Amino acid sequence: YNSLDEMADANTVVFDAGYSKAVAEEDAPKMGNPGANFAIETENKLLAIEGTRLVKEGDAVQFRMWNLAKGAYTLEIEMSNMALPEGVSAMLEDSYLKTSTAISVSEATKVKFTVDGNAGSSAANRFRIVFAKAKPVISSGKQEFVIAPNPVENSIMKIQFIGQPAGK
């Protein structure tokens, strides 16, 4: 979405046991437009719809964007009917800001970003979704907590408190 909350572009990834990782007939090529473009990149091909195998740990969905004007944008990621392997979560990685944002499997995840004069802010391969197990946390000395798996699976979660004072 652009700064006026208008949808600038969209795409879809469908995970199904009947599909393969290769670009095939279940995929639809991305047809570029003169405005903002946001596509899925697989095997050096740009797709609007990708049909691929069920998610495994280590999988990633690489996005490619181009023709974005300077300004504020919002990525909205909605996962529906999605079953992730035990302990695996989906994270949106931003290679420009060097951040990872957890993606919810139960509601839309919105991530704001800005395109400015810095070339990295409009890098074509700035964003990707990575499916990975939660990594162990190394204490920074700050008071923190970690919930794993994130999102919670089978109504079970583990909470790890780091640098917290003793208490109830």
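The model is predicted: local features need pLDDT of at least 70, side-chain atom pairs count only at pLDDT 80 or more, and totals for chains, interfaces and linings use all residues. Residues are numbered from 1 along each chain as its sequence is written, and side-chain values use heavy atoms, with hydrogens and water left out. The chain has twelve strands and zero helices. Its largest pocket has a volume of about 870 Å³. Ser121 sits in the loop between strand 9 (109-115) and strand 10 (127-133).

**Fold**

- Along the sequence the pattern reads β-β-β-β-β-β-β-β-β-β-β-β.
- Strands (E, at least two residues) and helices (H or I, at least four) are DSSP runs, numbered from the N terminus.
- Of the 168 residues in the chain, 29% are buried.
- Buried means under 20% relative accessible area, exposed over 50%, and partly exposed in between (1.4 Å probe, protein chains only).
- Among contacts with a separation of 6 or more, 66% join residues 24 or more positions apart.
- Contact means heavy atoms within 4.5 Å.

**Nonpolar core**

- The largest nonpolar core holds 25 residues.
- Met79, Leu92, Phe113, Phe127, Ile129 and Phe131 touch the most other members.
- Strand 3, strand 5, strand 6, strand 7 (88-94), strand 9 and strand 10 each supply at least two residues of this core.
- Such a core is a set of buried Ala, Val, Leu, Ile, Met, Phe, Trp, Tyr and Cys residues joined through side-chain atoms within 4.5 Å.

**Largest pocket**

- The lining of the largest pocket counts 34 residues.
- Asn11, Thr12, Glu76, Ile77 and Glu78 lie nearest the pocket centre.
- Strand 1 (12-15), strand 3 (37-42), strand 5 (60-66), strand 6 (71-77) and strand 10 each give two or more residues to this lining.
- Strand 6 gives the largest share, five residues.
- By class, the pocket lining has 25 nonpolar, six polar and three charged residues.
- Ala, Val, Leu, Ile, Met, Phe, Trp, Tyr, Cys and Pro count as nonpolar, Asp, Glu, Lys and Arg as charged, and the others, Gly among them, as polar.
- On a 1 Å grid over the protein atoms alone, a pocket is an open set of points with protein on both sides within 12 Å along at least five of seven lines, while a cavity is a set where a 1.4 Å probe fits but cannot get out; lining residues have an atom within 4 Å of a point.
- Grid points are joined across faces, edges and corners, and a volume is the space filled by probe spheres set on the points.

**Cavity**

- The whole structure has one cavity of 30 Å³ or more.
- The largest cavity has a volume of about 50 Å³.
- Phe15, Lys21, Glu50, Thr52, Arg53, Asp59, Ala60 and Val61 form its lining.
- Strand 4 (45-52) and strand 5 are the elements that give two or more residues to that lining.
- The cavity lining divides into four charged, three nonpolar and one polar residue.

- Ser121 is buried because its relative accessible area is 0%.
- A polar atom of the Ser121 side chain lies 2.9 Å from the backbone nitrogen of Asp116.
- A polar atom of that side chain also lies 2.7 Å from the backbone oxygen of Asn118.
- These are polar contacts: pairs of N or O atoms within 3.5 Å; within protein, one atom must be able to donate a hydrogen and the other to accept it, and residues adjacent in sequence count only if both atoms are side-chain atoms.
- Beyond four places in sequence, Ser121 touches Met65, Tyr96, Thr114, Val115, Asp116 and Arg126.
- Arg126 counts as buried because its relative accessibility is 1%.
- The Arg126 side chain reaches the backbone oxygen of Ser121 at 2.8 Å.
- Beyond four places in sequence, the contacts of Arg126 include Glu93, Asp94, Phe113 and Gly120.

**Positive phi**

- Asn67, in the loop between strand 5 and strand 6, has a positive phi near 65°.
- Asn67 is partly exposed, at 46% relative accessibility.
- Lys98, in the loop between strand 7 and strand 8 (99-102), has a positive phi of about 60°.
- Lys98 is exposed, at 69% relative accessibility.
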